[in-house]
Amino acid sequence: MLRSMTGFASAKGTAEGFSWAWELRSVNSKGLDLRIRVPDWIEGLEPALRAALTKALTRGSVALSLRIQKLETEEAQVSVNPTALQAVLTAMAQVEQDAMNCGVSLSPSNSVDILGVRGVLDTTNNNEDTAKLRDAIVKGLPALLKDFNQMRNGEGEALDAVLRGQLAEMTRLTQEAAAVAETRKGEMANALRDNLNRILENAEGVDEARLTQELALIAVKSDVTEEIDRLHAHVDAAGTLIAKGSPIGRKLDFLMQEFNREANTLCSKAQNVELTRIGLDLKALIDQMREQVQNVE
């Protein structure tokens, strides 16, 4: 099954006196680019999440965010951080002294203002074991990944159908090119023969053998058999990869380059309006396929 690189999932959880909310989203990328935003006060949380995501995902620009809040419980305690309080009071005294020196009058501060300064008031819980909280959070990641992958698998099914349809069209165009090329062989041979006779009739002392070799070389350069054979081979290879399922995005990306190379060569060798049209149709189809392939993991 193909899997898209585009996905989203969210989840919530509670444990150890905390509640949290997950958000996991991804878009297409050449490789695996992880961006993790989690609280840094939970020791070992980010490395554990990064290791789990690296194991579960192979490609995409993936963003994981985690918001944590402390639950209000009877065990919760409020205390003043003496160090932070002293630092705030010292700073306030300095500010008031500088204001007085400049003749500026400040309104008096109160305890509510001071307690509102970040770090002065600590709300702690009797259970401060962040390892247990970390383990509880990491334990919820598989469920989040399951929802995330369900969305990516759903989009992957749609990609599978689109790509298989495009490969069928690629096969049809390649077969059409082969039929036109076969019809063109007689025309090319007659044109080369006529050109050779015209040159021989109007030029004395021409090395007929050398001229024949040059014309044969021109014929080889206008032969598109190899390009058509390689296009068929690439279609088969792409079909095999799609049947195998993700992760195959990088290999499909490479095949798109090979498809485009053969289509370009086909156009350059065409020397035929119908064959040129088919080559251009192939190029347009390959561009459409490349857009789809860039979303495949």
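This report walks through the sheet, the helices and the nonpolar cores of a predicted model.

## Ground rules

Residues are numbered from 1 along each chain as its sequence is written, and side-chain values use heavy atoms, with hydrogens and water left out. Because the model is predicted, local features need pLDDT of at least 70 and side-chain atom pairs count only at pLDDT 80 or more, while totals for chains, interfaces and linings use all residues.

## The sheet

Let's start with the strands. Helices (H or I, at least four residues) and strands (E, at least two) are DSSP runs, numbered from the N terminus; two strands pair if DSSP finds at least two bridges between them. Four strands form an open sheet in the order β1-β2-β4-β3, with mixed pairing. At its edges are β1 (7-15) and β3 (32-37), each pairing on one side only. From one strand to the next, the twist averages 10 degrees.

β1 and β2 (residues 18-27) are antiparallel partners over nine bridges. A11 has W22 in β2 as its bridge partner.

## Helices on the sheet

Angles run from 0 to 180 degrees between N-to-C directions, and axes are lines fitted to C-alpha atoms, for helices over the stretch in contact. Contact means heavy atoms within 4.5 Å. Helix α1 (residues 45-56) lies across β2, β3 and β4 (60-70), and runs at about 150 degrees to β3. Helix α4 (residues 130-139) also packs on the sheet, where it touches β1, β2 and β4; the direction of α4 makes about 45 degrees with that of β2.

## Two nonpolar cores

A nonpolar core is a set of buried Ala, Val, Leu, Ile, Met, Phe, Trp, Tyr and Cys residues joined through side-chain atoms within 4.5 Å; buried means under 20% relative accessible area (1.4 Å probe, protein chains only). The largest core has 32 residues, and those with the most contacts inside it are L163, M170, L252, F259 and L282. Helices α5 (141-202), α7 (225-244), α8 (249-269) and α9 (273-293) each supply at least two of its residues, with α5 giving the most, eight.

Neighbours within four places in sequence aside, L252 is in contact with L163, A238, L241, I242, V293 and V296. A second, separate core has 23 residues, among them L57, L64, I68 and L141.

Conventions. Buried < 20%, exposed > 50% of the residue type's maximum accessible area, 1.4 Å probe, protein only.
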